[in-house]
Amino acid sequence: MIPAPFDYVAAQSPAHALDLLDSHGDEAKLLAGGHSLLPMMKLRLAAPSVLIDIGRLAELTGIRAEGDELVIGAATPHAALAASELVRADAPLLAHAAAQVGDPQIRHRGTIGGSLAHADPAADLPMALLALGGSVDVLGRDGTRNVVADDFFTGFFETSLAEDELIAAVRVPRRPGQGWGYQKFVRRANDWAIVGAAAVGGRIALANMGPVPLRARAAERALAEGVPAAEAAELAADDTEPGEDVHADRDYRRHLARILTRRALEQRG
Amino acid sequence: MQVELTVNGRRRTDEVEPRLLLVHYLREVCGLRAANVGCDTTSCGACTVLMKGAGEPGGGTSVKSCTVLAVQANGQEVTTAEGLATGGDLHPVQAAFRQEHGLQCGFCTPGMVMATVGLLSENPHPTEAEVREGLEGNFCRCTGYHNIVRAVLAAAQADAGTEVGA
């Protein structure tokens, strides 16, 4: 399968990428690892006329601690996230989630910023970011704005990114030693979650239970009121309208959400 | 667009369409047919090659060349199964696959070998479970996995991981 023709420009800097976005408008797409975009282009589900490569910009890679947050460059590949001592110590759920994406070859190429911008509701990193209460540094012509995970995902494969903006970095709170749980139900190895659940502290995030990654707010409220985890997990599917497909109907997805949330909470301790 | 790559140690310059996939570049432009197009959807791993940025240490990391553009590999070093043997001697991973009969039809084998070279460069002495997980991105539709895993463990025992990129 061959993508439709396009022009390719390797951006020289984030500012250059913004200029290119500005001049090409919605005809252009940013390319980093390309592991969500290129498969879509090969299937002709996407046919941008210009690809702006930001995958090798040093400004967009690397992981550092900044006060009580970890700051992760948007073009950091999943493998680097999974292997990072800093991430494993201070945000172990994120390192674990990164290690669940696809397979080793995919993790060498796919990037955290790309995964978040792609915003597949079944994907690992959007759910992880939401569970962690992280945020995204969005770079635009007027500077950088910070968008919390709760506001970043706006619809099915849609985010609050404007056409002329890019993700520069991802921020997650540093919480060494805090318990976490991560559950992902799949029928095949390497697959997207039929349903996923991630828990950190009192936050619970769900994958593939709606058009965007969701907080299990009723369960969170019950936990905060001191309800035991197993009972709180019974509320995990409240107010959700999951889609139906060949893998699962709506009721089965709700069932999975309750079970996986209980397991994630038990794993969290 | 003009790209300059080092493929199996040889520097080359080619004019390519931006939409040319790395696997097609290797097969059709370079004439290197080891990397196979299997599923063409980033699943099967038959197209696995190693890719290394300029100045990066080691022999590179495994990637699925059906999901990389040739232009994304501009300036990088790419190694295919053809580039593993030195002076007529099989790379230790190739030798182990032959010794342990880590193949049946052979279609997945170049990808398996390259994924193994990548795996052992990151984890020179994996457990059997780590081998199985480390090769989860490579499918053998003959289901010859037992001998493949045996071959990887034999290669690890022969310290193949330390010879990566040699």
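## Inside chain B

In chain B, 17 residues of domain 1 touch 13 residues of domain 2, where a contact means that the C-beta atoms of two residues, placed from the backbone, lie within 7 Å. On the domain 1 side, the elements giving two or more residues are β3 (48–52) and β4 (61–64) of chain B. Elements here are DSSP runs, numbered from the N terminus: helices are H or I with at least four residues, strands are E with at least two. β3(B) gives the most to that side of domain 1, with three residues.

By class, the side of domain 1 of chain B that touches domain 2 of chain B has eight nonpolar, nine polar and no charged residues. For the bookkeeping, Ala, Val, Leu, Ile, Met, Phe, Trp, Tyr, Cys and Pro count as nonpolar, Asp, Glu, Lys and Arg as charged, and the others, Gly among them, as polar. The two domains of chain B run over 2–81 and 92–163, with bounds from an automatic or database domain assignment. Their C-alpha centres are 20 Å apart.

## What kind of model this is

This is a predicted model, so to speak of local features takes pLDDT of at least 70 and side-chain atom pairs count only at pLDDT 80 or more, while totals for chains, interfaces and linings use all residues. Residues are numbered from 1 along each chain as its sequence is written, with chains lettered from A and ligands numbered from 1 in the order in which they are written.

## Inside chain A

Chain A is split into domain 1 (7–53), domain 2 (60–173) and domain 3 (180–268). The C-alpha centres of domain 2 and domain 3 of chain A sit 20 Å apart, and each of these domains puts 21 residues into the contact.

On the domain 2 side, α5 (92–100), α8 (124–132) and β8 (153–155) of chain A each supply at least two residues. The largest share of that side, six residues, belongs to α8(A). Sorted by class, the domain 2 side facing domain 3 of chain A holds 14 nonpolar, five polar and two charged residues.

## Where the chains meet

Between the chains, 22 residues of chain A are in contact with 22 residues of chain B. Chain A's side draws two or more residues from each of β1 (7–10), α2 (37–42), β3 (50–53) and α6 (104–109) of chain A. Here α6(A) has the largest share, five residues.
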